Amino acid sequence: MIEIIIRIALLFCSIAMLGLIYRVIKGPSVADRVIALDAMGVNLVAITALISVVLDSHAFLEIILLIGILAFIGTVAFAKYLEKGVIIERERNH
């Protein structure tokens, strides 16, 4: 019974991922696209966790952590770019 529920959750997460891909491509603003990319990272973590449960494996836990870290860094970089126009600030004393 629990395996059927997990597979249904996996299906819903996959459908949500398709909606997020649409939002990234057709988003009305850049901020909407950044939010959709962040949500895609969270959704990818959920899909990986569900696959890990279905396969009864602990091998995906490091991958989940890596995806979460990369999604966070990407979101912070995009937010900084939207705020200041640059990601890495370099001060030059000439």
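The expected span of a helix is taken as 1.5 Å times one less than its number of residues. In this predicted model, helix α1, which covers residues 2–26 and thus has 25 residues, reaches 36 Å from its first C-alpha to its last, close to the 36 Å expected at 1.5 Å a residue. For helix α3 (residues 61–84), the 24 residues should span 34 Å at 1.5 Å a residue, and the end C-alpha atoms of α3 lie 35 Å apart, which agrees with that expectation. Just after α3, residue G85 takes a positive phi of about 90 degrees.

The confidence of the prediction was considered next. The protein chain averages a pLDDT of 90, and 97% of the residues score at least 70. Within the protein chain, confidence is highest in α1, at 94, and lowest in α3, at a mean of 89.

The buried side of α1 was then examined. In this helix I6, C13, M17 and L20 are buried, and what covers the buried residues of α1 includes α2, the helix formed by residues 30–55. The largest nonpolar core consists of five residues, namely I6, C13, M17, I47 and L50. Both α1 and α2 give two or more residues to this core, with the largest share, three residues, coming from α1. In soluble globular proteins, nonpolar side chains tend to be buried together. One member of the core, C13, touches N43, A46, I47 and L50 when residues up to four places away in sequence are not counted.

The packing of α2 with α3 was described in turn. Two packed helices are described by the angle between their axes and the distance between the axes. The axes of α2 and α3 come within 9 Å and cross at roughly 175 degrees. Because angles over 145 degrees count as roughly antiparallel, α2 is assigned as roughly antiparallel to α3. On the α2 side, the residues that meet α3 are V30, A31, V34, L37, D38, G41, L44, V45, T48 and A49, while their counterparts in α3 are I63, I64, I67, G68, A71, T75, F78 and L82.

Because the relative accessibility of T48 is 11%, and buried means under 20%, T48 counts as buried. Not counting residues up to four places away in sequence, T48 touches F60, I63, I64 and I67, and among these I63, I64 and I67 belong to the α3 residues that meet α2.

Technical notes:
Residues numbered from 1 in each chain as written. Predicted model: local features only at pLDDT ≥ 70, side-chain atom pairs only at ≥ 80, totals over all residues. Heavy atoms only, no water. Helix = DSSP H or I, 4+ residues; strand = E, 2+ residues; numbered from the N terminus. Buried < 20%, exposed > 50% of the residue type's maximum accessible area, 1.4 Å probe, protein only. Contact = heavy atoms within 4.5 Å. Core = buried A, V, L, I, M, F, W, Y, C linked by side-chain atoms within 4.5 Å. pLDDT = per-residue confidence, 0-100. Axes fitted to C-alpha atoms, helices over the stretch in contact; angles between N-to-C directions. Parallel < 35°, antiparallel > 145°, perpendicular 65-115°, else oblique.
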